[in-house]
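Reader: I would like a close look at one part of this model. Please keep it brisk.

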Amino acid sequence: METFITIIAGILFTVGTYLILNKNLLRIILGITLFSHATHLLLMAINGLKKGAAPLLGENAASYTDPVPQALILTSIVISFALTAFLLVLGYRTYVELGTDNMKQLRGNTHE
Amino acid sequence: MYLLYIAILIPFFSIPFIPLLYKYVHRIHTGWFVLVIPVLLLFFFARYYFVQQTIEPLILSVPWIPSLNIHFTIYLDSLSLLFVLLITGVGTLVVFYSIFYMSKDREKLHLFYAYLMLFMGAMLGSVLSDNLLVLYAFWELTSVSSFLLIAFWYHRKRSRYGAQKSMFITMSGGFSMLLGFIMLYVTSGTFSIRELILLGDQISQHSLFIPAMYFIFLGVFTKSAQFPFHIWLPDAMEAPTPISAYLHSATMVKAGVYLVARLTPIFGGHQEWFWTITIIGLITLFIGSLTAIRQSDLKALLAFSTISQIGLIMSLLGIGSMSLNNQYSDSSLLFAGATLAAIFHLINHSIFKGCLFMMIGILDHETGTRDIRRLGGLIHVMPVSFTLTMIGSFSMAGLPPFSGFLSKEMFFSGALTASRTMGSWFIFIPIIAWVASIFTFVYCMILIFKVFIGPYKPLPLDRKPHEAPFGMLVSPMILASLVVILFFFPNLIASSLLEPTVKAILPQAFANGREWHVHISAWHGFNTELLMTMGIIILGMLLYKYLTKFRNIYESIPLKFTLNQAYDNGLVAMERISGKLIRFYMYGSTPLYLSYLFVFVIVIVGGSLFLLNGFIFDLSNNAPIELYEYMLGFTIVAAAIYMVFTKSRLISIIAVSVIGYIVSLFFVIFRAPDLALTQLVVETISTALFLLCFYFLPRVSKYVTPMKLNIRNAIIAIGVGMTLTLIGLSTQEHHLFDSIAEYYKDSYTLAGAKNIVNAILVDFRAFDTMLEIVVLFAAGVGIYTLIKLRHTGRKDQ
């Protein structure tokens with residue numbers, strides 16, 4: 001299971017990188033989203049999966065899964081959500097002000 | 001005793017007061033106030049002149065940065081004293097001269113004197129410091145103040161060019177010298193010159209000893225305008241003439257000479273030291289004298305003559321350093337004669353060159369030009385100037401009855417000593433010296449006869465020439481009379497200044513208490529040296545007579561590849577190459593920069609994984625996978641791959657949300673209920689946001705940009721994916737220590753919570769949560785501002 005998840009995360013990283021290298025602003029933001037998904041999956045997989053019950057003490061299980069990566073990922077989800085939202089609005093303003101979403105055209109002043 | 005420190009620092013302390021005096025005392029020329037400082041310093045240091053012969057050198061030390069072994073140590077022996085007297089003595093005369101030269105109403109005198117005092121203090125500091133780093137600090141200050149003074153008339157293009165050039169060359173030399181000093185510190189563990197001398201042979205075995213020597217040479221040769229770094233000095237002639245007289249003939253260009261003399265006890269006796277200094281000195285001597293002849297600007301002529309004379313002094317110091325070589329210990333006193341000649345000529349040169357520069361300044365001031373071709377026949381109009389220039393020139397040419405004659409004779413005997421003692425093929429040293437002296441003779445004649453003799457040309461001159469005011473003539477008069485006095489009474493300074501100086505430069509040669517006394521006499525019998533001088537006069541006269549023919553040959557030599565051109569082209573090329581280089585990789589395109597970053601990730605992270613054999617792969621610990629889990633995984637992969645190939649952005653957005661929802665399903669499988677909840681909510685909101693953005697897209701770009709397969713990007717992407725996958729796989733097997741999760745499983749007793757993840761978030765590691773809230777808040781504020789803020793006042797175009 002861990003190897004499987006890691007490989008999935010690797011594919012998400014590949015696609016994310018490819019999208020980030022694209023010249024289209026919306027695709028870049030999508031690529032960043034893929035990156036955060038892949039990172040979360042990888043964080044889960046590194047520590048071992050399905051090693052026990054959910055980390056709720058009411059379960060009264062013999063062993064629980066590691067709660068630390070879950071806490072870390074929860075923080076990370078919120079932060080990457082904030083980042084994505086901000087990037088989206090920034091992209092939106094770029095469209096509105098400059099009328100383009102092509103990174104090749106976003107090059108500052110041409111006379112430089 | 002600490003008066004010495006005050007003496008060094010007085011010029012610096014005076015700087016703030018100069019602008020005040022300039023601004024509030026209009027009636028009196030600011031120079032009169034400034035004059036007090038060099039006069040005081042001259043008298044202060046003159047006291048040591050008489051005590052210097054008997055007592056030990058003065059050493060004073062004040063810790064500056066003791067932890068780094070940097071102490072502000074003053075070491076006053078006769079070598080330092082000689083330079084201090086030159087600096088303060090010529091300084092006094094130059095300030096006096098400048099009072100009449102610089103106009104009170106037209107020039108920015110406060111800047112002029114402030115820079116001059118900065119220079120004087122820096123120069124005093126560098127010749128009195130015993131600590132190499134303190135010496136370096138003062139050394140760079142002389143470069144800075146010289147830069148400021150050369151560009152004193154900063155509205156002129158040539159001044160700025162000359163200042164920049166001298167700055168580049170002397171600063172890069174100075175920096176290399178610093179490297180040399182640090183290498184010396186590495187070899188010995190001390191920055192103190194005295195301690196380095198005591199360490200002697202011990203450090204000369206170190207592998208960094210010779211590199212240190214050559215790095216220091218670079219500093220010395222750039223500062224003293226030696227070949228091939230002499231090119232800055234002629235361009236520095238754009239400075240006001242008092243500055244040229246002071247900095248670029250008497251003091252700053254001799255800083256290199258001082259350092260060579262000061263370091264001779266450390267490096268002297270080594271073949272590398274002897275060869276480099278002697279050869280470079282001789283080349284400079286020859287090229288300087290040869291180039292001086294073709295100059296039509298009087299100041300440029302003097303600049304090349306300075307270059308050549310300092311080359312002469314350098315070569316003599318080189319020959320003299322052989323006195324420390326064990327091989328020639330029998331004739332070490334003969335070599336010491338060369339050092340004596342160097343020191344004597346150093347004094348002579350400062351005197352007559354200062355005088356000549358001041359005379360050129362007077363000519364410029366009174367006629368409005370320094371061009372030889374426009375001057376002539378001034379002997380009747382300016383008889384006093386003629387006399388003084390003649391004294392200076394004849395001394396420079398080495399004619400009796402002027403002091404230059406004595407030092408030139410000593411120069412020849414030094415060169416002859418080298419060839420006699422070290423083998424017959426060293427005969428090239430006296431020959432080069434002799435030929436260069438012929439050229440020296442010729443340009444000295446040009447200086448006198450082209451300017452003062454011949455037809456009087458009143459028309460092209462801007463002003464009606466007349467004799468200079470008396471005040472202006474005082475300083476050159478004093479210098480000229482010193483030239484004559486030193487010829488008739490050379491022993492005034494022989495035993496009191498020259499002898500202890502030579503002993504300070506070559507302490508090891510006199511260590512065994514050998515008796516050696518300097519006695520210079522104007523007449524020393526018929527010998528080779530005298531014959532050489534006669535030959536110079538005869539050949540020089542002939543050459544001067546046929547100068548026009550000679551010059552034609554001379555100017556037909558192509559000058560395409562002069563050093564100046566090499567310097568200029570080098571600067572242009574460096575600028576062009578760096579521009580090209582930056583334009584080559586700073587393309588202005590974000591995807592390109594991102595691909596640099598990704599390539600570095602692949603190369604460095606992936607490379608180290610490969611090189612350190614970090615990759616481990618082991619399936620045995622894996623949890624089992626159910627069929628539906630495979631299905632979920634393949635859906636993610638399919639959605640991701642579909643994103644690459646789809647043309648529509650709407651589908652891309654939906655594919656991302658598919659991936660997000662499946663990730664939350666995975667969280668369910670991984671027994672992470674909180675994560676699954678959060679991920680579901682967040683994914684829903686993000687998808688809504690993406691769709692909102694999509695709605696507001698410019699109509700044109702909604703569908704029309706199909707994603708072309710970019711092979712380069714694809715390779716980078718696959719590389720990044722592979723690297724991260726391999727790292728992910730390897731880390732699963734690297735369990736260096738147990739998880740700390742056991743501690744948190746006690747959360748009910750520790751925090752009263754049954755949900756461990758929540759307990760971690762708000763209790764154990766609540767700081768993370770607080771800052772994450774701050775991040776969310778900041779993003780909210782940012783989004784609000786982005787939407788609300790419009791271009792109101794400011795318009796870009």
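This is a predicted model: local features need pLDDT of at least 70, side-chain atom pairs count only at pLDDT 80 or more; totals for chains, interfaces and linings use all residues.

Where in chain B does Lys708(B) lie?

Author: Residues are numbered from 1 along each chain as its sequence is written, chains are lettered from A and ligands numbered from 1 in the order written, and side-chain values use heavy atoms, without hydrogens or water.

Lys708(B) sits in the loop between α28 (673-695) and α29 (711-733) of chain B. Helices here are DSSP runs of H or I with at least four residues, strands are runs of E with at least two, and both are numbered from the N terminus. Lys708(B) counts as exposed because its relative accessibility is 71%. The classes are buried under 20% relative accessible area, exposed over 50%, and partly exposed in between (1.4 Å probe, protein chains only).

Lys708(B) belongs to a surface patch of positive charge, together with Lys23(A), Lys104(A) and Arg712(B). Patch residues have over 30% relative accessible area and no salt bridge; like charges are joined within 9 Å, nonpolar side chains (Val, Leu, Ile, Met, Phe, Trp, Tyr) within 5 Å. A salt bridge puts a side-chain nitrogen of Lys or Arg within 4 Å of a carboxyl oxygen of Asp or Glu. Each charge is placed at NZ of Lys, CZ of Arg, CG of Asp or CD of Glu.

UniProt, in an unreviewed entry, lists residues 711-788 of chain B as "domain: MrpA C-terminal/MbhE". That span is 82% helix and 0% strand, and its end C-alpha atoms lie 41 Å apart.

Arg671(B) is in the loop between α27 (649-669) and α28 of chain B. Its phi is near 60°, a positive value in a residue other than glycine. Arg671(B) is partly exposed, because its relative accessible area is 33%.

Chain B also carries a nonpolar surface patch. Its members include Leu581(B), Met586(B), Tyr596(B) and Val605(B), and the patch has about 1100 Å² of accessible area together. Two elements give two or more residues to the patch: α24 (563-585) and α25 (590-611) of chain B. α25(B) gives the most, with seven residues. Met586(B) lies in the loop between α24 and α25. At a relative accessible area of 45%, Met586(B) is partly exposed.

One more loop deserves a look. Pro228(B) is in the loop between α10 (209-223) and α11 (232-235) of chain B. The peptide bond from Phe227(B) to Pro228(B) is cis, with omega near -5°.

Methods
Accessible areas come from the Shrake-Rupley method with a 1.4 Å probe; for residues, only the protein chains shown count as cover. Lys and Arg count as positive and Asp and Glu as negative; His and the chain ends are not counted. UniProt positions are given in the numbering used here, feature names are shortened, and annotations may be inferred rather than shown by experiment.
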